Amino acid sequence: MRCPACEHMLYKRTVEKNLTVCPECTHHFRIGAATRISYLVDDGSFQQILEDLTASDPLGFKFRGTTYKQRIKDDEKKSGSKEAMQIGKAFIKGRGVVLGVMEPNFLMGSMGYVVGEKLCAAVDKAIEESLPLVVVSCSGGARMHEGVVSLGQMAKTSAALAKFDEARGLFISVLTDPTTGGVTASFAMLGDITIAEPGALIGFAGPRTIAETIKVELPEGFQTAEFMLEHGFVDMIVHRKDLRSEIARLIDYCQK
Amino acid sequence: MAEWGTLTGKMPSQNISPNNGGYLDFEQKVAELDDQVKELRGLGSTKGIDYSAEIRRLQRERVAELKRIYSNLTAWQTVQVARHPDRPLLSDYLNLMVKGFRELRGDRCFGDDRSIVTGLGRIGREKVMVIGQNKGKTTKEKVDCNFGCPNPEGYRKALAKMKFAEKFGIPIVTFVDTPGAYPGIGAEERGQAQAIAVNLMEMSRIRVPIVSICIGEGGSGGALGISVGDRLAMLQFAYYSVISPEGCAAILWRDGSQAADAAQALKLTSTDLLKLGLIDAVIPEPVGGAHRNVHDVVHSVERYTVKTLADLKRTKMENLLENRYKKWRSLGTSVTIGARGKPRPTKARIKAVAKVASTKARPTPAKV
Ligand SMILES: [Zn+2]
């Protein structure tokens, strides 16, 4: 395989052994939820919650000769995941957490009813058991196939995090490539601590939408993790290999 | 494959400029009838013949035609009505229904976004904090208002004024009318996403009643950023959508000109949104749309606002906040308005799934 950043030819196995990070230039490749969880949590400690919750197609959405339902089926096969987020309890270096991880291979990690509901269920669980909440975002935004139901998930997840805030819960938001649209404009930007992976695309509007609107070439490094750090919207950029230890340390600092 | 980050594409919509006299494409028959009336009036005055009976007949026919057209609008036609250049804007509501309006400007941080107007006034006998999106009427106003597309400072100003209202126990009324939050370089640098996210979170717990009314375009997250409250109402021919029909068509149909199909699929009209549970009420518009009778529609909005504020004031604060939370939490659980159109009890299904999940989970020892 070729690294899209430095164009080095790489062995797939070498990359995988290196947490799917390019050993030449540290380009962080996009990874699925299962892989992410295996990198992040103590072996075998992830207990999934609401695994079988599936999308319900509230609009009966049809487009270009196909349907949302069909798209769900296809992406279930492609990703091996039933939705664009997995939630559950886990341990990170021995610290108990409620974890949410988004699945980029399921409808581009977009947020529909199920993602919103899972995020809220994760918050409820974290409140109930006084655990920190860690959410790894990777999303194209709201899922337009669910219309305003997906839009409303932005309000719903943000309201749930207000409750979590009042319960003095610790929310660590991890932004990975890409985190955009309705996910950025809701729970992903509401972390007590916001961590980003190097080079990740993070923003509200997509770069192409912006370029088409303002008809100006976008500056280099626009909407990257580094750009977000510079403009004050993330606390730190953390290499994938350090993510476990960094999260564990932050949890320790915030423990009552 | 669509580009990442376009799922909530916030492209400001083009102003549909009706070809003549403000008639939309599907109103040709109305335009003809109006022409005939004008002609008869002209003839009447030059020739001194009384055509009043004929004119009355044509006017009755015109009303009937408008009623017929507007009771069968497609989703895409509704979007065009919502974007009509003569549609009443925030400034009309401020002039006609808010007494003694005192604008309070600035976000105390970066600037004053003219696409969101905030200030104190009275609606009926109630003191209120008005938060509204404004598009502007003249070209200069439109440019000043950025065509109704707010930047982050607009959302931050809105929140600052809402917190002010909370401090003094003043209810909040928001007027939603935006093609979407602005997709620009400065907007990203100043944290458009963060500004909207914080509004969604904070509005869910502000301790005064919040009533929102979508008077035109409910453009995605940019609209939602001032819509999270106790009641969300919508004018009959306004629309509210996760993405503009053009944006949705460009991504899912790979062809922006399929916007009519996208509008239909997105279920963005007031009728559909009431069924979906996003909105709590539809405020009827005059025959032929709000732009044909501004006073009438403003009056309807005023009546709704006064009544709703009175209802909400009677509710205990803790109940108000709990209901507000439940309103948003339950969105999408009650109905499915798809092809089959049969309501499905999704909540029960979730409970069942949750139960299964919790019995499945086994404790696992921690590894350090
Ligand atoms: Zn590389």
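## Model and conventions

This is a predicted model: local features need pLDDT of at least 70, side-chain atom pairs count only at pLDDT 80 or more, and totals for chains, interfaces and linings use all residues. Residues are numbered from 1 along each chain as its sequence is written, with chains lettered from A and ligands numbered from 1 in the order written.

## Chain A

Chain A holds 9 helices and 9 strands (DSSP runs numbered from the N terminus; helices are H or I, at least four residues, and strands are E, at least two). Its C-alpha trace spans about 55 × 45 × 35 Å along the principal axes.

Of its 256 residues, 56% count as buried (20 or more other C-beta atoms within 10 Å of the residue's own, with C-beta atoms placed from the backbone).

## Chain A with chain B

The contact takes 69 residues from chain A and 64 from chain B (two residues are in contact if their C-beta atoms, placed from the backbone, lie within 7 Å). On the chain B side, helix H8 (residues 192-203) gives the largest share, 7 residues. That side divides into 38 nonpolar, 17 polar and 9 charged residues (nonpolar: Ala, Val, Leu, Ile, Met, Phe, Trp, Tyr, Cys and Pro; charged: Asp, Glu, Lys and Arg; polar: the others, Gly among them).

## A helix pair in chain B

The axes of H10 (residues 245-253) and H11 (residues 259-266) of chain B come within 8 Å and cross at roughly 100 degrees (axes are lines fitted to C-alpha atoms over the stretch in contact; angles run from 0 to 180 degrees between N-to-C directions). The contact includes B:Leu252 and B:Trp253 of H10(B) and B:Leu266 of H11(B). By class, it has 9 nonpolar, no polar and 2 charged residues.

Methods: Buried ≥ 20, exposed ≤ 12 C-beta atoms within 10 Å, placed from the backbone.
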